[in-house]
Amino acid sequence: MPSSRARMAQTAAGLLRIHAECETGRLLAAEMCVPGAEHLAHLLALVVEQRMTVADMLAMPFYHPVIEEGLRGALRDLAKDVARADGSDLSECKAIGHDVLD
């Protein structure tokens, strides 16, 4: 789901794929073709270098409105397919009916 900031800037388009190890949930790589990709590329490079997992990322705050909050939707989708450690589980928060917040 596009971030609110991308919607406001009328740049809510593109493709983001995140790759993780199924057994551990460790993020391995990402590929993207999106406006403002330099914001996501820097963050994702750090995440891969630090050997973070999908659960680690979902436990981090996603401030509003920033381009990076669009990453949360991709992480939530990925969390369904990988093993996760205990911790904050924002990926299972129920939708509240507001596109900007869900």
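I began with the surface: the chain exposes about 6400 Å², of which carbon and sulfur atoms supply 55%, the areas coming from the Shrake-Rupley method with a 1.4 Å probe, where for residues only the protein chains shown count as cover. I note that this is a predicted model, in which local features need pLDDT of at least 70 and side-chain atom pairs count only at pLDDT 80 or more, while totals for chains, interfaces and linings use all residues. Residues are numbered from 1 along each chain as its sequence is written, and side-chain values use heavy atoms, with hydrogens and water left out.

I then looked up burial and found that 32% of the 102 residues of the chain count as buried (buried is under 20% relative accessible area, exposed over 50%, partly exposed in between, with a 1.4 Å probe and protein chains only).

For the layout, I recorded four helices and two strands, running α-β-β-α-α-α from the N terminus on; helices (H or I, at least four residues) and strands (E, at least two) are DSSP runs, numbered from the N terminus.

In α2, I listed Ala 37, Leu 40, Leu 43, Leu 44 and Val 47 as buried. Seen down the axis of α2, these buried residues fall within an arc of 135 degrees, so they line one face of the helix, the arc being that of the directions from the helix axis to the C-beta atoms. The face turned away from the buried side carries the exposed residues Glu 38, His 42 and Glu 49. I found the buried residues of α2 packing against β1 (15-20), β2 (27-33), α3 (54-58) and α4 (70-79), with contact meaning heavy atoms within 4.5 Å.

Leaving aside neighbours within four places in sequence, I noted Met 57 in contact with Leu 27, Leu 43, Val 47, Met 52, Phe 62, Leu 71 and Leu 75.

Last, I checked charged pairs and found one salt bridge in the structure (a side-chain nitrogen of Lys or Arg within 4 Å of a carboxyl oxygen of Asp or Glu). The side chains of Lys 80 and Asp 77 meet in a salt bridge at 3.8 Å, N to O. Lys 80 counts as exposed because its relative accessibility is 65%, whereas Asp 77, at 48%, counts as partly exposed.
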